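Here is a set of questions and answers for reading a structure with care. Each answer sets a value beside its definition.

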Amino acid sequence: MARARAWQRMLSGRRLDLLDPTPLDIEIEDIAHGLAFVARWNGQTRGDWAYTVAEHSLLVEEIVSRTDPGIAPQWQLAALLHDAPEYVIGDMISPVKAALGPGYREMDARIAAAVHRRFGLPAVIPRVMKAQIKQADRLSARLEAVEIAGFSPAEADRLFPLPPGASTGGLAIRLRPPTETRAAFLDRFAALMARLDG
């Protein structure tokens, strides 16, 4: 019996094996394009444009950089790429991830490790940095929930509690065409890589 196809063809021409991804098959243009067309909240957001994973990733990186102004560029890059696997496996809301069990998390982790290695990051981000990025991710989710996803502040407080001292003040949700978001993502990636190489 033939093995089921487990690869995704990218616009770059690369074929990414979802079960055994390698850094050689990862291109930032594919990531930026995919994330700019993947909607957060299953598309259940207000506005004329979907709020995409690329836009969310830019916001998470901004939060991490604001929270820790002296953060090394490699960890800013890790924040920008924190949801990179979703360019091929999509963005699933937490209840769906929980229902799918460990298979989704394992695939996500394998793709993340390949992405990290491709761009000079450790395959597994250190726990302290991962926690910092996760906190920024939750802060972004809290802002998104209230601003565009229809949650009341009380409901968001319950489902997306903020750590003591954390605030969404000064942060803004951007809704724009996918091509603009893709360009912004690529620009930020290029700026961070220039700092890493410099």
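**From segment to core**

Over residues 49-151 the chain is 70% helix and 0% strand, with the end C-alpha atoms 18 Å apart; helices (H or I, at least four residues) and strands (E, at least two) are DSSP runs, numbered from the N terminus. This is a predicted model, in which local features need pLDDT of at least 70 and side-chain atom pairs count only at pLDDT 80 or more, while totals for chains, interfaces and linings use all residues. Residues are numbered from 1 along each chain as its sequence is written, and side-chain values use heavy atoms, with hydrogens and water left out.

Q: Why is helix H3 (residues 73-80) called largely enclosed by the rest of the structure?
A: Buried means under 20% relative accessible area, exposed over 50%, and partly exposed in between (1.4 Å probe, protein chains only). Seven of the eight residues of H3 are buried, so the helix is largely enclosed; among them are Trp75, Gln76 and Leu80.

Q: What covers the buried residues of H3?
A: The cover includes helix H2 (53-67), helix H7 (127-147) and helix H9 (178-197), where contact means heavy atoms within 4.5 Å.

Q: What makes a set of residues a nonpolar core?
A: Its members are buried Ala, Val, Leu, Ile, Met, Phe, Trp, Tyr and Cys residues joined through side-chain atoms within 4.5 Å. The largest such core has 48 residues, of which Ile31, Leu81, Phe119 and Phe185 touch the most other members. H2 gives the most to this core, with seven residues.

Q: Which residues does Leu81 touch, not counting residues up to four places away in sequence?
A: Leu81 touches Ile28, Val115, Phe119, Leu121 and Phe185.
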